[in-house]
Amino acid sequence: MKSERPLSRVAIATLGCKVNQYESAGIGEALARSGHALVPFSETADCYIINTCTVTARTNYQSRQIIRQAIRKNPEALIVVTGCYAQTAPDEIAEIPGVSLIAGHGEKDRIPDLLGSLEKNGREIRVGDISPVRPFASLPVSRFQDHTRAFLKIQDGCNAWCRYCIIPSARGRSRSLSQDGVLEQLNLLGRAGYREAVLTGIHLGAYGQDLSPETSLVDLLKRIERERPLERLRLSSIEPTEISDDLISLLRKSSLICPHLHIPLQSGDDAILSGMGRQYSAAFYKALLVDLEGAIPDLAIGIDVIAGFPGEDRASFENTLELIESLPVAYLHVFPYSPRPGTPAADMPDQVPPDEKKRRAEILRDLGARKRETFARRFQGRTLQVLVEERIDRISGLRKGFSGNYLPVHLINSRASQVNSLITVRLEGFEGTRILGRVLSP
């Protein structure tokens with residue numbers, strides 16, 4: 001039977017990437033416009049929406065956990081599951097009693113309109129083939145709950161088909177928001193009071209290749225630089241082969257784009273890179289980062305690396321460690337390899353045992369912690385522009401902000417009135433792993 005009372009309280013949980021965060025914010029804003037009240041996921045709600053991730057087996061498990069938590073919280077609530085896990089494994093989710101709607105990416109933006117017709121004791125599966133989808137779709141967002149920085153999804157899907165990655169199956173082919181659409185959304189965010197926006201996508205460097213006339217990420221950034229809809233712009237992850245001389249030149253001269261790039265490495269061994277389907281060598285990657293460090297002062301470079309890809313023996317893992325040791329990187333994101341059903345890597349021989357993957361991941365994380373500290377200590381005694389966040393660190397009791405090159409600075413003498421302001425801060429020292437800064441100007 002259908003719910004006897006109108007939906008009024010809706011809670012949304014989001015797993016995974018910034019693209020998912022943006023899409024959840026769009027769903028939430030559409031629900032608020034239609035009269036629903038958004039409440040924290042920890043509270044009792046009439047409807048729970050879980051926006052899932054499937055990049056690893058662990059995120060699938062976490063998604064199922066959160067679905068079951070919501071059902072226990074209110075057995076009478078409507079339970080809506082969407083996102084990449086919903087797109088790739090709807091039958092697995094359908095086995096969980098109490099799920100009302102499973103919506104794939106083609107239906108995600110329709111969730112606010114579908115809630116009124118859902119039956120609590122029924123189950124709808126709305127998951128179609130995403131591969132033929134060509135138009136870029138996304139609900140507009142003007143507010144991000146609990147975020148000082150805004151996100152803007154400008155690209156979706158991926159054509160790369162790396163052999164370990166399920167995301168092209170989950171998201172479909174690359175498609176882009178028009179330049180006019182990007183500027184319209186950035187202006188909306190600027191008028192809403194955001195000082196910084198992060199351009200996000202599944203394969204950001206492919207932006208514009210599907211548009212007519214074709215354009216590029218660099219063309220888009222040049223236009224944003226000219227029109228300046230807000231004060232700071234940041235890029236999310238971009239592939240090493242898509243960092244052109246034009247992009248480096250633009251970043252070097254820009255006073256708008258933050259000196260911060262996230263460039264996936266995945267492995268420092270050429271044989272493993274080839275097995276992954278990555279289109280570059282370790283030498284190419286190192287030369288790129290050396291060029292970037294020389295061209296862009298104070299640039300922060302983050303990297304992704306996978307531990308324990310099939311065939312990774314001790315020597316190839318040591319190659320990865322040696323390469324990263326030699327690179328000018330500010331931080332690492334480390335992922336133990338997770339076999340994804342339907343990907344070529346899942347059926348490769350020489351799978352690395354789980355305990356060994358875990359051990360290698362810990363070694364890489366320790367290396368990442370050392371790299372992070374080394375990079376941060378370069379700036380002790382210097383001044384940086386920091387965007388102040390509202391949240392206060394629970395341990396230190398200090399308000400935090402991020403510099404343009406992504407240093408998280410704990411502010412010794414900040415005031416509540418400085419939240420969402422760009423202020424001048426001198427980095428004064430360290431307290432454990434925390435970077436301490438003193439505010440010099442409002």
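Buried means under 20% relative accessible area, exposed means over 50%, and partly exposed lies in between (1.4 Å probe, protein chains only). This is a predicted model, in which local features need pLDDT of at least 70, side-chain atom pairs count only at pLDDT 80 or more, and totals for chains, interfaces and linings use all residues. Residues are numbered from 1 along each chain as its sequence is written, and side-chain values use heavy atoms, with hydrogens and water left out.

View 1. A salt bridge here is a side-chain nitrogen of Lys or Arg within 4 Å of a carboxyl oxygen of Asp or Glu. Side chains of opposite charge can pair when their charged atoms come close. Helices (H or I, at least four residues) and strands (E, at least two) are DSSP runs, numbered from the N terminus. Glu 362 is partly exposed, with a relative accessible area of 39%. Arg 365 is also partly exposed, at 37%.

**View 2. A salt bridge links Asp 156 and Arg 175.** The N to O distance is 3.7 Å. Asp 156 belongs to strand S8 (residues 155-156) and Arg 175 to strand S9 (residues 175-176). The two residues are 19 residues apart, and the pair links distant parts of the chain. Are Asp 156 and Arg 175 buried or exposed? Both are buried. The pair also belongs to a network of salt bridges that includes Glu 23, Lys 108, Lys 153 and Arg 171. The structure as a whole holds 33 salt bridges.

**View 3. Arg 378 and Asp 298 meet in a salt bridge.** Their side chains come to 4.0 Å, N to O. Arg 378 lies in the loop between helix H13 (354-377) and strand S15 (383-392). Asp 298 lies in the loop between H11 and strand S13 (300-307). The partners are 80 residues apart, so this pair links distant parts of the chain. Arg 378 counts as partly exposed at 42% relative accessibility. Asp 298 is partly exposed too, with a relative accessible area of 23%.

**View 4. Phe 144 and Tyr 194 form an edge-to-face aromatic pair.** Rings of Phe, Tyr and Trp (its six-membered ring) pair if their centres lie within 6.5 Å; planes under 30 degrees apart count as stacked, over 60 as edge-to-face and the rest as tilted. A search of the whole structure finds 10 aromatic pairs. In the pair shown, the distance is 6.1 Å centre to centre, with 80 degrees between the planes. Phe 144 is in the loop between strand S6 (124-126) and strand S7 (150-153), and Tyr 194 is in the loop between helix H7 (179-191) and strand S10 (196-200), so the pair ties together parts that are 50 residues apart in sequence. Phe 144 is buried at 6% relative accessibility. Tyr 194 is buried at 7%. Together with Tyr 22 and Phe 151, these two residues form one aromatic cluster.

**View 5. Tyr 331 and Tyr 406 form a tilted aromatic pair.** The rings are 6.0 Å apart, centre to centre, with 45 degrees between the planes. Tyr 331 lies in strand S14 (residues 331-336) and Tyr 406 in the loop between strand S16 (399-403) and strand S17 (408-411), so the pair ties together parts that are 75 residues apart in sequence. Tyr 331 counts as buried, at 5% relative accessibility. Tyr 406 is partly exposed, with a relative accessible area of 23%.

**View 6. Lys 222, Arg 226, Arg 252 and Lys 253 form a positive surface patch.** Patches are made of residues with over 30% relative accessible area and no salt bridge; like charges are joined within 9 Å, and nonpolar side chains (Val, Leu, Ile, Met, Phe, Trp, Tyr) within 5 Å. Lys and Arg count as positive and Asp and Glu as negative, while His and the chain ends are not counted. The place of a charge is taken as NZ of Lys, CZ of Arg, CG of Asp or CD of Glu. Accessible areas come from the Shrake-Rupley method with a 1.4 Å probe; for residues, only the protein chains shown count as cover. Helix H8 (217-227) and helix H9 (245-253) each give two or more residues to the positive patch. Arg 226 is found in helix H8. At 62% relative accessibility, Arg 226 counts as exposed.

**View 7. Asp 219, Asp 245, Asp 246 and Asp 291 form a negative surface patch.** Asp 291 is in helix H11 (residues 282-295).

**View 8. Tyr 207 lies in the loop between S10 and H8.** Tyr 207 is buried, at 0% relative accessibility. The C-alpha atoms of Tyr 207 and Val 218 are separated by 9.1 Å. Along the chain, these two residues are 11 residues apart.
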